[in-house]
Amino acid sequence: MRSNTICQKDKPMRTESACWQTWPEAAETYSRLISDLTRDSHYLRSHGLKPNLLRMIGNCTNARLLDIGCGDGWLLDEVRPREGYACDIVEQPDVRPEWKFEIQDIRYLSYPDGFFDVVVASLVLIWLEDVDLAMRQIYRVLKSSGKMVITLVHPYFYRMGEPNSEGNFVISKDLSKPFKMQDLKIGGVAGPLTYFYRPLPDYLNICASAGFRIRQVADWFVDMEDYVRKTKSGMGSKILRTGKVPMYCFIECGKE
Ligand SMILES: C[S@@+](CC[C@H](N)C(=O)[O-])C[C@H]1O[C@@H](n2cnc3c(N)ncnc32)[C@H](O)[C@@H]1O
């Protein structure tokens, strides 16, 4: 079921959002970044993203699960559902052949209605201008008893300010309404990408408008003292790092 092109014949290249053009270019560097055990991305993913996301997904040994925006396919390897599907806008050669990988855009999925027990979209929606399109597609491809789990870079964390001369991080953006940040580089290297900021209630309202019932919302905060002790960029930084900082947000929704 693998396809070698980014643009499927029956699905013309969409240009509404910059993610379509930039993720294919950023993918290789991103994949090197997250597999580098010396980078702080590894610390954040292994301490925050993975355990919390896996807990919210739960046991899927009897489920047909779709991981959208799957990256290297780590999630299916961990969850090991009965039937694992993965898709991404970029070809992902590292996804194991036992999982059914296809190139697909989350906003224009071609899976049948009511096909999946569980759909996961981890760190994908933040790259979309038209999240409501994606949400309606996830709703459509889920069974009536199905659940969706999404992860966001925490809306109240992501590069919302600048360090000042005293080493404090000062929030310099109006976080009460959506905006987009262009030329964003993940870990300072993967990109440039366009990141779409939305306050948390916007995400919850988009889920509800698509028809979802919100079952649980969870945050993960980075313990800055631990981060400074254990990561290179934490130790080398001139920014004063103390306390706990919001990093990821997890949302579980049911179709009924
Ligand atoms: C930050 S990575 C997250 C990868 C993986 N889900 C994880 O949590 O490790 C974002 C992924 O979403 C994919 N992506 C971006 N826009 C997408 C879209 N419109 N449809 C499907 N995948 C998309 C990217 O190619 C990339 O692999």
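This briefing walks through one protein structure, topic by topic. The model is predicted. The protein has 7 helices and 11 strands. Of its 256 residues, 32% are buried.

**Overall build and core**

- Among contacts with a separation of 6 or more, 63% join residues 24 or more positions apart.
- The largest nonpolar core holds 63 residues.
- Leu65, Ile68, Val119, Val120, Ala121 and Leu125 have the most contacts inside that core.
- Leu125 touches Val131, Ala134, Ile150 and Leu152, leaving out residues up to four places away in sequence.

- Helix α5 covers residues 200–210.
- Its buried residues are Tyr203, Cys207 and Ala210.
- Seen down the axis of α5, these buried residues fall within an arc of 70 degrees, so they line one face of the helix.
- The buried residues of α5 pack against helix α4 (131–141) and against strands β5, β10 (213–223) and β11 (244–254).
- Gly211 follows α5 and has a positive phi, near 115 degrees.

**Strands β5, β10 and β11**

- β5 and β11 run antiparallel, joined by 7 bridges.
- β10 and β11 also run antiparallel, and 10 bridges join them.
- Tyr248 in β11 is the bridge partner of Val153.
- Tyr248 is also the bridge partner of Trp220.

**Asp219**

- Asp219 lies in strand β10.
- It counts as partly exposed because it has 16 C-beta neighbours inside 10 Å.
- Asp219 and Tyr248 are 29 residues apart in sequence, yet their C-alpha atoms are 5.8 Å apart in space.
- Beyond its neighbours within four places in sequence, Asp219 is in contact with His154, Pro246 and Cys249.

**Ser145**

- Gly114 is 31 residues from Ser145 along the chain, and their C-alpha atoms are separated by 9.2 Å.
- Setting aside neighbours within four places in sequence, Ser145 is in contact with Lys255 and Glu256.

- Most residues other than glycine have a negative phi, and most peptide bonds are trans. The residues below depart from that pattern.
- Arg80 is not a glycine, yet its phi is positive, about 50 degrees.
- Arg80 lies in the loop between α3 (74–79) and β2 (83–88).
- Arg80 is partly exposed, with 13 other C-beta atoms within 10 Å.
- Leu123 is another residue other than glycine with a positive phi, near 60 degrees.
- Leu123 belongs to the loop between β4 (116–122) and α4.
- Leu123 is partly exposed, with 17 other C-beta atoms within 10 Å.
- A cis peptide bond joins Gly191 and Pro192, with omega about 5 degrees.
- Pro192 is part of strand β9, residues 190–197.

Technical notes
Residues numbered from 1 in each chain as written. Predicted model: local features only at pLDDT ≥ 70, side-chain atom pairs only at ≥ 80, totals over all residues. Contact = placed C-beta atoms within 7 Å. Helix = DSSP H or I, 4+ residues; strand = E, 2+ residues; numbered from the N terminus. Buried ≥ 20, exposed ≤ 12 C-beta atoms within 10 Å, placed from the backbone. Core = buried A, V, L, I, M, F, W, Y, C linked by C-beta atoms within 7 Å. Arc of directions from axis to C-beta. Pairing = 2+ DSSP bridges.
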